[in-house]
Amino acid sequence: ESQKASDAVRQEARDALQTEKDPQRQRTQTPPKQDAAVASLEQARQALQERLARAEALARSPENNLDVLRALQAQARELAKAQEQLKSETGAADSQALPAQAPRQGELKDSAQALQQEAAPASPNASASLGEAGGQMRKAQEALAAGQNHAAAQQAALDALSQAEQQLGQDIARLEQAQRELAQLEALQQKLSPLIQEQQKI
């Protein structure tokens, strides 16, 4: 907007130069308009630099690391596959074979809890869902150890893992959008700098 205002003022200065025939009046009318154009461009540059600094800070902060978020999402997806496989196996097993599956369920629970801790700084919402998954896995582990299949707890764990994966996907999309905006702001800054220099030479 400041750039548009500057463009309008610069156009007024050009018009004054072209329409005014008296050189004395050209000198008195044009400089104030040029000064206003330079001031508007400077204001646009400052606003752009502030937005650029905010966008760069957002992109650099550790909780906004795309690679970390993608890795967390992949780990949540793998954990969900392992939980789905265990759920299928325990659903088909007889009650005497169930206690032998409890350690596997315990390993998945431990993985979910470790992933919860890892996700906490990057995605608090996904971390909460992973915590829920871990809690449901613990219930399923206890049931398996007692020779019972707690399919509802296993399904709740799968649902929580799916939710964590979706939340991580939303965080990834948000960060990708922030990076696109950062690129646009940097391109705009590159266009604006020559305009300011050109205007200051006039």
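Tutor: Lys109 and Asp110 are joined through their side chains in a salt bridge, with N to O at 3.4 Å. The model is predicted: local features need pLDDT of at least 70, side-chain atom pairs count only at pLDDT 80 or more, and totals for chains, interfaces and linings use all residues. Residues are numbered from 1 along each chain as its sequence is written, and side-chain values use heavy atoms, with hydrogens and water left out. A salt bridge here is a side-chain nitrogen of Lys or Arg within 4 Å of a carboxyl oxygen of Asp or Glu. By this rule there are six salt bridges.

In the pair above, Lys109 is buried at a relative accessible area of 15%, while Asp110 is partly exposed at 43%. Buried means under 20% relative accessible area, exposed over 50%, and partly exposed in between (1.4 Å probe, protein chains only).

Another salt bridge joins Glu165 to Arg77, with the closest N and O atoms 2.8 Å apart. This pair links distant parts of the chain, 88 residues apart: Glu165 lies in helix α6 (residues 151–201) and Arg77 in helix α3 (residues 66–92). Helices are DSSP runs (H or I, at least four residues), numbered from the N terminus. Arg77 has 33% relative accessibility and counts as partly exposed.

Arg138 and Glu142 also form a salt bridge, their closest N and O atoms being 3.3 Å apart. Both belong to helix α5 (residues 124–145), and because they are four residues apart, about one helical turn separates them. Arg138 is partly exposed at 37% relative accessibility, and Glu142 is partly exposed at 46%.

How values were computed:
Helices (H or I, at least four residues) and strands (E, at least two) are DSSP runs, numbered from the N terminus.
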